[in-house]
Amino acid sequence: ELMSGTIEAESEYGKGSTFTVEIDQQIAAPDPIGIEVSRNLKTYRIDENHRAKALVHTPMPYGKVLIVDDVQTNLDVAQALMAPYGLTIHCLAGGRQTLDAVREAKVRYDVIFMDHMMPEMDGLETVRLIRGEIGTEYARNVPIIALTANALLGNEEMFLSHGFQDFISKPIDVMRLDELLHKWIRDKHPTEAADTPEPAPSAAVPRVNWKVEGLDANGGVAVFGSEAAYLRVLDAYSKHTLPLLEKIGNMNGKLPGENALKEYFVTVHGIKGSSLGICAGKVGKMAEFLENAAKRGDHAVIAGHNDTFVRAAEKLVADIRALLNKKRLDQRKNKTGKSETRDHPDLRLLNDMLEQCRRYDMNQMEKILDELERFTYKHHGELIEWLRKKTDNLEYQQIQDRLAQSVDSIAGQHAG
């Protein structure tokens, strides 16, 4: 109405709805726009290369960010989107771990991104305890931004009234994320920002030559900035989605009990967010349909559609795994020589990984693991495989315990 426009809706039950929007426009220039531009406007298309060029990541190496989410893929997605800024990024998988981190304050974060809906202790409860029970100035004032897959009208007021400073919806919009990082980090560090060189304009992101059914591959590459970054996120999705599907895949058409309904809701909610985050729109929308059914307690809809959803999601995971295996095979074929064999893992790297694990610095742990995995080992090679598995599952305490023992053991066995 402010633009002198109108909006109308016609709906027929069981068939669908038609929404019509009319807004007065002015002619900017008399020149024809051309067939290609006209076609893109009609289909609301946007060129991926143009979209990739639109965002220039301003380096913020002075910034410290904590991401909290119970779904590992969501952590990987958020971390990958923030990686180009050069931030120190730590990840945690739940509210209780976050309470401990804020209470101990070993790292004073510029901003915390926290999932709204988590099992055991959700985001609202976690923020309430941070603000009300820890009692430090840092706990009362650290900016906390809600990560939510339910971007509904009125949610902003709800988050702000419960101790959050801001919110961003999932799947994460890169422009909105950029705005928040500038607001809560760069603008709060004017001296450091002034000393940080401005980035060069980013090159266009190339299109990929592979396809996975149900996946917008070029859209994913454009969002994450490179094919390599997107493939790493797909790898995480394929690893961490299967356990979630196993939780809800054994219903065999049965109705979930009342006690199981909440857990089912949280599980499909997580799959929805991670699927949309990797540009898997079909599976994401199917999860959203079941999430809404669980929210309103529609047991019959869940029983009737759950198996179809699980099969579709499992196929997506299988197709992603096949793609990744092919990529790895191609990489091995392209290598000119075999990987170097060493007697045992580098103790310096293991000690460094132990220290980064104590800091919950997943970004640095991944870099150290990548370095360790470059070699094969005559002794203790199974430790590196174990570390990869536990790191993927964010099992920090187990990693700390075994590394502390292994470092001493390897040092003793190979002294001199």
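1. Leucine 92 and its surroundings. In this predicted model, leucine 92 touches a set of residues beyond its neighbours within four places in sequence: Leu66, Ile67, Val68, Asp69, Leu75, Gln97, Thr98, Ala101, Tyr360 and Tyr396. Leucine 92 belongs to strand E4, which covers residues 88-92. Its relative accessible area is 1%; because buried means under 20%, leucine 92 counts as buried. One of the residues in contact with leucine 92 is isoleucine 67. Along the chain, leucine 92 and isoleucine 67 are 25 residues apart, and their C-alpha atoms are separated by 6.3 Å.

2. The chain as a whole. The protein chain has 416 residues, of which 45% are buried. Its secondary structure consists of 18 helices and nine strands. Of the contacts between residues at least 6 apart in sequence, 67% link residues at least 24 apart.

3. The sheet that contains E4. An open sheet is formed by five strands, in the order E4-E3-E5-E6-E7, with parallel pairing.

4. Pairing around strand E6. Strand E5 (residues 111-115) and strand E6 (residues 144-148) run parallel and are joined by four bridges. Within this pairing, phenylalanine 113 has isoleucine 145 of E6 as its bridge partner, while aspartate 115 stands opposite leucine 147 in E6. E6 also pairs with E7, again in the parallel sense and over four bridges. There, threonine 148 has serine 169 of E7 as its bridge partner.

5. Burial of strand E6. Five of the five residues of E6 are buried, and the strand is accordingly described as mostly covered.

6. Helix H8 (residues 174-184) lies across E5, E6 and E7, and runs at about 160 degrees to E7.

7. How many of the residues of H3 are buried? The count is 11 of the 11, so H3 is largely enclosed by the rest of the structure. Among the buried residues of H3 are Gln72, Asn74, Asp76 and Gln79, together with Leu75, Val77, Leu81 and Met82. Leu75 is also one of the contacts of leucine 92.

8. Helices H4 and H5. Two packed helices are described by the angle between their axes and by the distance between the axes. Helix H4 (residues 95-104) and helix H5 (residues 123-132) pack at an angle of about 20 degrees, and their axes are 9 Å apart. H4 is therefore roughly parallel to H5. The crossing of H4 past H5 is right-handed. The meeting residues are Gly95, Thr98, Leu99 and Val102 in H4 and Thr126, Leu129 and Ile130 in H5. By class, this contact comprises four nonpolar, three polar and no charged residues. Thr98 is also in contact with leucine 92.

9. Aspartate 122. This residue is located in the loop between E5 and H5. Its relative accessibility is 29%, and aspartate 122 therefore counts as partly exposed.

10. Helices H10 and H11. Helix H10 (residues 217-224) packs with helix H11 (residues 227-248) at an angle of about 105 degrees, and their axes are 8 Å apart. H10 is therefore roughly perpendicular to H11. Ala217, Gly220, Val221 and Phe224 of H10 make the contact with Glu227, Ala229, Tyr230 and Val233 of H11. By class, this contact has six nonpolar, one polar and one charged residues.

Conventions: Residues are numbered from 1 along each chain as its sequence is written. This is a predicted model: local features need pLDDT of at least 70, side-chain atom pairs count only at pLDDT 80 or more; totals for chains, interfaces and linings use all residues. Side-chain values use heavy atoms; hydrogens and water are left out. Axes are lines fitted to C-alpha atoms, for helices over the stretch in contact, and angles run from 0 to 180 degrees between N-to-C directions. Helices (H or I, at least four residues) and strands (E, at least two) are DSSP runs, numbered from the N terminus. Angles under 35 degrees count as roughly parallel, over 145 as roughly antiparallel, 65 to 115 as roughly perpendicular and the rest as oblique. Contact means heavy atoms within 4.5 Å. Ala, Val, Leu, Ile, Met, Phe, Trp, Tyr, Cys and Pro count as nonpolar, Asp, Glu, Lys and Arg as charged, and the others, Gly among them, as polar. Buried means under 20% relative accessible area, exposed over 50%, partly exposed in between (1.4 Å probe, protein chains only). Two strands pair if DSSP finds at least two bridges between them. A crossing is left-handed if the near helix is turned anticlockwise from the far one by less than a right angle, and right-handed if clockwise.
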